[in-house]
Amino acid sequence: MRVVNDTEREERMRNLVALVGDPVRRYLHRRTDAATADDVIGDTLLVCWRRLDEVPDDALPWAIVVARQCLSNAQRAERRRTRLIGRIIAIDPPPALADENPAASTVDEGTTVAARVTAALAGLRRDDAEILRLWAWDELTSPQIAVVLGISANAAAIRLHRSKARLKQELLKSVHSTGHITYDEGSEDAR
Amino acid sequence: MHDDDRALRDQLRAADPARALPPASPTWLDHRMEQIMTDQSVSTPTVTPEAPRRVFRRWMPMAGVAAGVAIAAAIIAPLVLGGPEPTVESLQPSMGGGLASGSCLVLEPATVAAQQQAFAATVLQIQGNTVVLEVTKRFVGEVADRVEVAQVDAITSDFSGVPFEVGQSYLVGAVDGTITGCGVTGADSAELRAVYDAAFPG
């Protein structure tokens, strides 16, 4: 019983990797260290291959959800390993815990704007910061963000709008003394 | 997109840790495809149904031994090594529904979807006033292996919170580290499970 030709399946996978491979690779590099990102993208693509028949037309948000779950598993396993090693060698646990806020440690400190935005992001709630990263860094639209977060498109648009407002407030706090930036309230939601 | 939004996005991009990451090399795709294709654990729909059955029959005795060893290791290893301890986080108990009247609105999937953390968990034990839940499923948010929360105070609560009982399973929603009451958190019933499934499809 041959459901689909091997070559055809490989071709579909090749097209999928060409489409989502680099965006997912960047998504992971933004949220963990390079070595873990490389490991996790391998896991992610393997899941994509195994679940190739479930991949929707808009594959990127679906692939990002897979990547996020693979990363979460890797980070959980890493935390367990770290605790176990700490017990066995009876020393203080090595500082290899997953970085909860990778932007804070990986951004080029030479850029003033980057440092200010990084600080402002760190001042936000985790969910607010993540939705802004998905929007600005991963370049997802509101409906795509909705898929990644498992919420309705409407809820995603509302959350994004509120998160932008909160980030603007944080940025205003940091530049209040220089007065360089002013924002209008009520900007549009994602494109 | 609004100019204001564009400016904000440009600022955010300046802080993108991956902005200096070079594009994947041309060989990257081939390398990844090669890795995937050489993965022997993948069973694609292209194989005939008879083939895996024959293979399974041949390897079944060894698989049985391997499974036995794995189960024994799972039991003995924690005893020898002490085992990796589960991660634990604390959540604050429900502070009530936030309504002056003390009543709650009908629970909608959107309300559950708005939770920062949502998970299914079973009460392992109640020590004094502290309830220890073992997380069995994560719907959204980072949730530790176990969650500790103070038992609902029947005297001071507004009755929208959940009194936890040992051995019972619950669906739990939380925002800003505080468990949400008003029906969002409750015993794992078919009705509440349906709302969670609707809130977190897939």
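Reader: Over which residues of chain A does pLDDT stay under 50, and how many contacts beyond four places in sequence does the model have for them?

Author: This is a predicted model, in which local features need pLDDT of at least 70 and side-chain atom pairs count only at pLDDT 80 or more, while totals for chains, interfaces and linings use all residues. Residues are numbered from 1 along each chain as its sequence is written, and chains are lettered from A and ligands numbered from 1 in the order in which they are written. The stretch is residues 184-191 of chain A, with 20 contacts beyond four places in sequence. pLDDT is the predictor's confidence in each residue, from 0 to 100, and two residues are in contact if their C-beta atoms, placed from the backbone, lie within 7 Å.

Reader: What is the mean pLDDT of chain A, and what does chain B average?

Author: The mean for chain A is 81, and 76% of its residues reach 70 or more. Chain B averages 74, with 65% of the residues scoring at least 70. In chain B, pLDDT stays under 50 over residues 42-57 and over residues 97-102. For the complex, the predictor gives an ipTM of 0.71 and a pTM of 0.51.

Reader: How many helices and strands are there in chain A?

Author: Chain A has eight helices and zero strands. Helices (H or I, at least four residues) and strands (E, at least two) are DSSP runs, numbered from the N terminus.

Reader: What makes Pro93(B) buried?

Author: A residue is buried if 20 or more other C-beta atoms lie within 10 Å of its own, exposed if 12 or fewer, and partly exposed in between, with C-beta atoms placed from the backbone. Pro93(B) has 20 other C-beta atoms within 10 Å, so Pro93(B) is buried. Pro93(B) lies in the loop between strand E1 (88-91) and helix H4 (109-113) of chain B. Its C-alpha atom is separated by 6.6 Å from that of Val152(B), 59 residues apart along the chain.

Reader: Why is helix H7 of chain A called mostly covered?

Author: Seven of the eight residues in H7(A), residues 142-149, are buried. Among them are Ile145(A), Val147(A) and Leu149(A). Gly150(A) follows H7(A) and has a positive phi, near 70°. Over chain A, buried residues make up 34% of the 191 residues.

Reader: How do you know that H5(A) is roughly perpendicular to H1(B)?

Author: H5(A) (residues 112-122) and H1(B) (residues 3-14) pack at an angle of about 100°, with their axes 7 Å apart. Axes are lines fitted to C-alpha atoms, for helices over the stretch in contact, and angles run from 0 to 180 degrees between N-to-C directions. Angles under 35 degrees count as roughly parallel, over 145 as roughly antiparallel, 65 to 115 as roughly perpendicular and the rest as oblique. The angle therefore makes H5(A) roughly perpendicular to H1(B).

Reader: Why is H2(A) called oblique to H2(B)?

Author: H2(A) (residues 34-50) and H2(B) (residues 26-37) pack at an angle of about 60°, with their axes 10 Å apart. That angle makes H2(A) oblique to H2(B). In this contact, Gly42(A), Leu45(A), Leu46(A) and Trp49(A) meet Arg32(B), Gln35(B) and Ile36(B).
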